[in-house]
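Let's take a friendly walk through a protein model, one region at a time. Keep the picture open beside you as you read.

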Amino acid sequence: MFKRLFGRTDIQEPGDEHLEDLKADFKARYHSFKLLLNANSSALETMTEMEEALRGLHPFGMHFIRAAATRVCTSVYNLVRHLEDLAPGQYPRLMERFGDIRAEINTLLGLSPAEQDGPLTVRLRDLNRHSADLAGAKMANLGEIASGLGLDVPGGFVITASAQRLFLAHEGLQEAIDAMIQGAPHEEPDELQRLSSAIQQRIINAPLPGDVEAEIRQRCDEIVREQGEEVRLAVRSSSLAEDGSESSFAGQYRTVLNVCPENTCEVYKEVIASKYSPQAMAYRLHRGIPDEAASMAVGCLEMVRSRSGGVAYSVDPLDPGSACLTINSAWGLARAIVDGGGGADVFRVHRREFSIMDRHVAEKQDRFVCRPGEGVSRERLSREMAAQSSLTDEQVVELARRTMDLEHHFGQPQDVEWAFDPQGRLVMLQSRPLTGLERGATRAPAPADVRGAKLLLAGGITAAPGAACGEVRLVKRDADALDVPRGAVLVLRQPLPRRAVLISRAAAVVAEEGGAAGHLANVAREFGIPAVFGMRGALQKLTNGQLVTLDADRSAVYEGRCEVLLRRARPRKVLMAGTMVHQRLQKVSELVLPLNLLAPEDVEFRARNCKTLHDITRFCHQKAVEEMFSFSNGDSFPERSAKQLVTPQSPMQFWIINLDDGFRREVRESKVRLSNIQSVPMLALWSGMMAIPWEGPPPVNASGFLSVMFEATMNPHLDPASDTKYRVRNYFMISKNFCSLQSRFGFHFCLVEALVSERHVENYVAFRFKGGAADSMRRTARARFVADILERFDFRCDIREDSLTARVKDAGRRFMEDRLKVLGYMIIHTRQIDMIMADPSAVDRARSKMIADLQEIVPDISHSGQ
């Protein structure tokens, strides 16, 4: 490229009167060039963020995808626009290709589940398992239980997802909610709480569309005519994303019990608003479920005034390989079980023989009952009733048989909510896939070394298996939940479902009350967070900031960090992989990240062949560099402005092109001295390059030498006499705050770009490195070697075969100058080091020497690693 740009002989020398006009033109073009470089840096940074998110190690929602897509589209649009400023009319297809790709991205971001028109309400008895898109899985499954198995379920009706969409579309409510989510920060618990409160209040205050309200009242009137004036309703969420095989949403939405039919419309809005409760929003974020995929249907069921109720698991969630199912039971409504408060009777029943294998009858203090008018209350139990089993053996066996019937019917383990009414009739309230199972997991015996650790607490029930370490955070009231640090061991009095908003921040959870069947226990198992519930005295014996290790498998808390337990702990679940949001990001990324345009000399390196935003970014950057040196189309200003650097320090030759204000004084002769250069990034880079003299190629064994010789004879690009793209001078392009070095050092090729000023938000250093004389294995190893050292000094590195890209940005001037010194040293001292990459001891010696040298060059930098 440079030969073409600088080797012209058929051009006219401009006169002095014309040179000033050329300089002015050049400065204007340089301004566009600098803006293009800033856009290029921003685009690549956003692409890096998207690549990191694709790994699925950290939660993100649709707002991240939309924001990232907007940022990268804006940056690439600016790239195209600034290239047009540099080369008007030269690349007309480029903006067309950008528009096509952006349109495809916008189409993907606008995807949502099929929103077909449907009835606003439907009777429960008319539903089956295929009605999930209309009524949500919870209500569809309940209809299936009645129609497919003939089991008793409450009567009632469902307000469908179509009604919810109509409600939120009414008077622009959904658009307002989307704007609130997009515009407000909500990463921290206090921020999420404020946003949630504002959205929920807006929904509750909004009017229902007339036809939705009329249908709800008509259905309620039908129930009253059939069941009498005393009938009450349980108004329950049934989101389209709820009760799935991977995401249960256990306890994340609102359920209102014992509701007068005349109040159903207002309660319906409360349930819809709970879609935006803090715990539900956090759950969707960490389970990768887009907001539009969680449309809400609402079940309005006849209230069952249960004598006893609870939860049954067709497989023991803590020991999935066993032959037992588990039943958790309490007097009164099942709320005592699912909300994690109060004691529970636990039965383990053989899955095939239905014999009771084990039982634990708890000392139950109270029960939840329906009030005479509306709502529920907690009622103290008599001493005799508190000690009694809440189920007879016959009821245990009946419930176990029906639980296994549900597993067989739905074809997978089930989590079943049930009730026995005052007449002893078993009523099924819910059946959903049992999530969080770890097949084949076994409880290892306590390692002997644990006996040397100080035991702080023991007892309780394993709610979610595993071990974790962290600092204690006591959450006694809601205000304590607003500033929980990441990695904390949460200590609660009661494992309320609303505490699920903290699960993603927690290393582990301890609660003084509750059991394995509560909603929070379900969520902890889904997220892979170790948890022990029913651990009495935890709030008194543990203190804020205390470092502890929880062994949830054995219900024990140890002081400090217990490595022997943590080494045996299960790895934390990667929650994002395979989720709807992750899949959406994958599809968007296919239009952003792949790079198809690689070689500028290739005949296919054309604007029309740009298939992704990365292609456009690569094309714009390459063409901008070319245009900077061929802008005058007949004038030799670029050639005349290239000055040879005069310095006694380097035996290599370098040429300097002053883009704007890189020289202290104007230079008319053909050479420039280092003392006349004021480019901040170039001087820092040069300082690192010259800091310690290069001692020459490293000692190499016969294998390394032969590898180099073979590659040199087989690869024509390494022949200095060949006319290839690699036959170039070493060029610095500079201004006071910008530097670009394109160079060949030995057999490898590198590009450095840096912008360093007092405005740290604009500062960046980008480094690209490729090539070498050895075979591909050694070249790839050399790229990893360089990356390993650069990462110790805060560079973010990406390796593709033998090609390395490294970046650092958004830091102050001193910080950036020091990193450029590191980069300058590495450019010089990694020459021909690929020859020793097959010799581990030589590699270790080279690494140690380079790190020692760098500590001498930049002594104030503390590098990470050993």
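Strand β17 (residues 488-492) runs parallel to β18, and the two pair over 5 bridges. Keep in mind that this is a predicted model. Within this pairing, A488 has A506 of β18 as its bridge partner. Strand β18 also pairs in the parallel sense with strand β19 (residues 531-533), here over 2 bridges. In that pairing, V510 stands opposite V532 in β19. To get from β18 to β19, the chain passes through helix α15 (residues 519-527), and this β-α-β crossover is right-handed.

Is strand β18 mostly covered or mostly open? It is mostly covered: 6 of the 6 residues in β18 (residues 506-511) are buried.

**A helix and a core**

Now look at helix α6 (residues 161-169). Here 7 of the 9 residues are buried, so the helix is largely enclosed by the rest of the structure. Among these buried residues are R165, F167 and L168. After α6 comes E171, with a positive phi near 60°.

The largest nonpolar core has 65 residues, and F167, I203, Y268 and V509 touch the most other members. Helix α10 (residues 264-273) gives the most to this core, with 6 residues. Leaving out residues up to four places away in sequence, the contacts of F167 include L173, I203, P207, Y268 and I272. Another core, of 58 residues, lies apart from this one, and F785, I789, L804 and V843 are among its members.

**Charged pairs**

Side chains of opposite charge can pair when their charged atoms come close. The model has 38 salt bridges, and the table shows some of them.

| Salt bridge | N to O distance |
|---|---|
| D345 and K364 | 2.8 Å |
| R432 and D415 | 3.2 Å |
| D844 and R847 | 3.1 Å |

R432 in strand β13 and D415 in strand β12 are 17 residues apart, and their pair links distant parts of the chain. R432 counts as buried because its relative accessibility is 4%, and D415 is buried with a relative accessible area of 5%.

D844 is partly exposed, with a relative accessible area of 43%. D844 and R847 also belong to a network of salt bridges with D788 and R792.

Note on methods
Residues are numbered from 1 along each chain as its sequence is written. This is a predicted model: local features need pLDDT of at least 70, side-chain atom pairs count only at pLDDT 80 or more; totals for chains, interfaces and linings use all residues. Side-chain values use heavy atoms; hydrogens and water are left out. Buried means under 20% relative accessible area, exposed over 50%, partly exposed in between (1.4 Å probe, protein chains only). Helices (H or I, at least four residues) and strands (E, at least two) are DSSP runs, numbered from the N terminus. Two strands pair if DSSP finds at least two bridges between them. A crossover is right-handed if, with the strands pointing away from the viewer, the path from the first strand over the helix to the second runs clockwise. A nonpolar core is a set of buried Ala, Val, Leu, Ile, Met, Phe, Trp, Tyr and Cys residues joined through side-chain atoms within 4.5 Å. Contact means heavy atoms within 4.5 Å. A salt bridge is a side-chain nitrogen of Lys or Arg within 4 Å of a carboxyl oxygen of Asp or Glu.
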